[in-house]
Amino acid sequence: MKTKSALIELRDVSKVYGHMSTATYALKNVNIKIQRGEFIAIMGPSGSGKSTCMNIIGCLDSPSDGSFLFEGLNVTGLNRNQRAVLRRNYLGFVFQGFNLLGRTSALENVELPLIYKGVKALERKEMATKALEMVGLADVLSHTPGELSGGQQQRVAIARAIVTQPLILLADEPTGNLDSKRSREIMELLKKFNKEKNITIIMVTHEEEMALYADKIFRFKDGMIVEGEK
Amino acid sequence: MLWNAFVLALRAIYRNMMRSILTVLGVVIGVASVIAMVFLGDGTTAYITQNISKLGSNMLIILPGQDKSGPRTQDTSIKLFKIEDVEAIKREIYGIKAVAPGASKGVNAVYSNKNYSTSVEGRDNDYFIVKDWGLEDGRIFLPNELKSGKAVCIIGQTVKKELFGEQNAMGANIRLEKFSCQIIGVLQTKGASTFGLDQDNIILVPLKMFQRRLSGNLDIPMIQVSAHDNISTEEVKNNLLELFRERRRIRHGLEDDFYIRDLKDIIETVGSTTKMLTLLLGAVAAISLLVGGIGIMNIMLVSVTERTREIGIRLAIGAFEREVLLQFLVEAIVLSSLGGIIGIFLGISIAYFAAMSFEIPFIFNKEIVLIAFFFSTLVGVVFGYFPARKAARLDPIDALRHE
């Protein structure tokens with residue numbers, strides 16, 4: 001079998017805030033390998049470094065030390081714009097607070113990443129409509145976030161994340177603001193995209209029940225991984 | 001990319017209708033107030049200048065004594081003019097349209113049971129030319145009335161109103177001191193002078209009659225001279241100076257015992273005063289533009305703070321910093337120039353209707369329109385753009401966490 005490089009690989013990654021004596025480690029020598037198609041859950045108490053790790057994988061933040069490989073390519077030293085290119089082409093984000101544009105229809109919210117990718121208006125509309133159909137919101141295309149329930153808003157956010165057909169979907173506590181029934185629905189949806197579209201999912205959560213949907217669980221404590229597998 | 005930015009900007013403007021309207025309003029107020037103020041200032045200046053020139057066209061006034069400011073003292077040693085001086089001007093000065101000698105005295109005019117204190121002036125018919133003043137009713141003096149000093153008079157509108165009200169004044173006899181005279185004419189309305197004097201409060205009588213019955217001497221305290229339109233008053237003034245120095249035997253090197261006032265000088269003095277007025281209005285307008293600018297600045301700053309999370313979302317899903325900035329720039333330009341255009345129309349309309357209702361001329365000043373438009377648009381763009389730049393430079397996660 002040929003040695004195929006991992007989709008994501010963190011090698012001895014550290015993240016330090018502050019200088020010298022006031023320096024605090026958010027991450028300390030973290031090593032992670034994620035293969036294509038995996039569903040990963042990252043768990044840990046608050047301040048354990050799980051969000052920092054997620055932000056580094058999501059190219060929203062860069063490590064202070066160590067290296068970050070994306071499909072075998074070292075992307076550690078990329079600048080802001082280069083990281084933006086990675087985000088718009090390969091990554092999708094779902095946040096705890098949904099982070100949709102207010103007073104903007106679901107359709108326009110989902111279209112947004114396509115606008116930045118330079119997709120033409122007609123095609124853009126078609127793709128966005130299809131993505132919203134996939135998350136089961138075909139009948140609320142023109143609703144604004146204020147007119148949607150929390151669960152529906154998170155579905156719009158998922159549609160926005162997958163509309164660009166990303167390699168990886170990063171979800172930061174996607175069920176944090178939802179009740180357990182809606183939470184399970186969202187998790188089923190993520191699982192579906194993971195299985196059917198082979199989208200790699202990396203999810204931060206602190207709910208054991210949600211983590212059970214994942215193939216692998218990384219547990220963080222004080223900036224280090226304390227437990228790797230399920 | 002520009003088209004995308006345009007689409008995104010229009011969507012954002014539409015989405016935040018209230019904020020967009022407020023921004024536009026800030027620009028509108030700034031632009032409109034500057035335009036209205038300056039237009040009205042210019043109009044007022046033009047109005048005042050017109051009014052002064054109404055005092056008489058190309059008029060020079062020859063007065064005895066010396067041109068001193070401050071209170072006038074009754075100096076009996078001052079030599080007044082005689083009718084011969086008037087004839088000499090007519091004879092010897094080139095380019096003269098009319099020469100009007102004049103003497104005046106305050107009297108109490110009485111008609112039946114009413115009386116009114118007014119000013120009686122001894123004049124001849126050149127007065128109407130010099131003052132560019134016509135009659136509403138009746139006729140001017142006849143040559144024989146002037147020659148013999150007949151007791152006839154022409155009254156101003158104020159005198160007519162005070163003594164006769166709505167009644168017909170023509171042919172009536174009014175008492176002036178110890179004699180009565182018959183009204184042969186009524187002057188047109190002249191209105192208040194620029195200096196606030198009621199020019200219609202006047203009774204004109206033949207100069208001869210004035211000298212015989214009111215002053216009791218042949219002195220003429222003032223001569224008004226009107227030059228032809230194509231003749232420079234400067235030249236006429238110099239000729240008059242020479243003539244009067246000779247006639248009054250003033251030796252070389254001695255001071256004149258008379259002086260000549262050119263109405264143009266007065267116009268210039270008042271003109272510079274009204275220019276100050278325009279400057280003042282302009283300064284007030286500049287302040288309102290500044291205040292408008294600060295309003296725009298406020299709204300833009302607040303909105304960027306409010307929109308930092310939005311910027312974070314855009315950055316997180318892969319927008320470049322420059323794409324976000326371009327969107328904000330387009331938004332600012334669209335809102336500011338929209339406000340600018342509305343402001344121009346509003347300002348011009350305000351100035352136009354104000355000019356109509358104040359009855360002053362409407363004067364269009366292109367430069368001010370351009371300056372007001374560009375300044376407020378600039379403020380809108382600068383304050384829309386720079387706070388956005390600050391936000392777009394944040395890390396996406398920091399921008400997202402922004403509350």
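# A tour of chains A and B

Start in chain A with the open sheet of six strands, ordered E6-E7-E8-E3-E9-E10, where the pairing is mixed. Its edges are strand E6 (91-94) and strand E10 (224-227) of chain A, each pairing on one side only. Look along the sheet: from one strand to the next the twist averages 25°. Keep in mind throughout that this is a predicted model.

## Stop 1

Select residues 168-172 and 200-204 of chain A. These are strands E7 and E8, paired in the parallel sense over five bridges. Pick Asp172(A), then find its bridge partner in E8(A), Val204(A).

Move on to residues 39-43 and 216-221 of chain A. Here strands E3 and E9 run parallel, joined by four bridges. To see one pairing, select Ala41(A) and its bridge partner in E9(A), Ile217(A).

Stay on E9(A) and bring in E10(A). This pair is antiparallel, with three bridges. Phe220(A) has Ile225(A) as its bridge partner in E10(A). How many residues lie between E9(A) and E10(A) in their hairpin? Two, and Asp222(A) in the turn has a positive phi of about 50°.

## Stop 2: a loop and a salt bridge

From E7(A), step into the loop between E7 and H6 of chain A, where Glu173(A) lies. Check the backbone there: Glu173(A) has a positive phi of about 45°, although it is not a glycine.

Next select Glu185(A) and Arg155(A). They form a salt bridge, with the closest N and O atoms 3.1 Å apart. Which helices does this pair link? Glu185(A) sits in helix H6 (residues 180-196) of chain A and Arg155(A) in helix H5 of chain A, 30 residues apart. Over all chains, the count comes to 28 salt bridges. Side chains of opposite charge can pair when their charged atoms come close.

## Stop 3: the four-stranded sheet

Chain A has another sheet to visit. Four strands form this open sheet in the order E2-E1-E4-E5, and the pairing is antiparallel. E2 and strand E5 (73-74) of chain A stand at the edges, each with a single partner strand, so one side of each is left without a neighbour in the sheet.

Select residues 65-70 of chain A, which make up strand E4. Two bridges join E4 to E5(A), and the two run antiparallel. Within this pairing, Leu69(A) stands opposite Asn74(A) in E5(A).

## Stop 4: where the chains meet

Show chain B beside chain A. The contact takes 28 residues from chain B and 26 residues from chain A. Together the chains bury about 2,500 Å² between them, 52% of it on carbon and sulfur atoms. Which residues of chain B lose the most area to chain A? They are Arg11(B), Arg15(B) and Ile317(B), together 26% of what that side buries.

The interface has four salt bridges and 14 residue pairs in polar contact.

Now colour chain B by helix. Helix H1 (2-15), helix H9 (263-316), helix H10 (321-358) and helix H12 (396-401) of chain B each give two or more residues to the side that touches chain A. H9(B) gives the most, with seven residues. Last, colour that side of chain B by residue class: twelve residues are nonpolar, four polar and twelve charged.

How values were computed: Residues numbered from 1 in each chain as written. Chains lettered and ligands numbered in written order. Predicted model: local features only at pLDDT ≥ 70, side-chain atom pairs only at ≥ 80, totals over all residues. Heavy atoms only, no water. Contact = heavy atoms within 4.5 Å. Buried area = accessible area lost by both parts, 1.4 Å probe. Salt bridge = Lys/Arg side-chain N within 4 Å of Asp/Glu carboxyl O. Polar contact = N/O pair within 3.5 Å; in protein donor to acceptor, adjacent residues only side chain to side chain. Nonpolar A, V, L, I, M, F, W, Y, C, P; charged D, E, K, R; others polar. Pairing = 2+ DSSP bridges. Axes fitted to C-alpha atoms, helices over the stretch in contact; angles between N-to-C directions.
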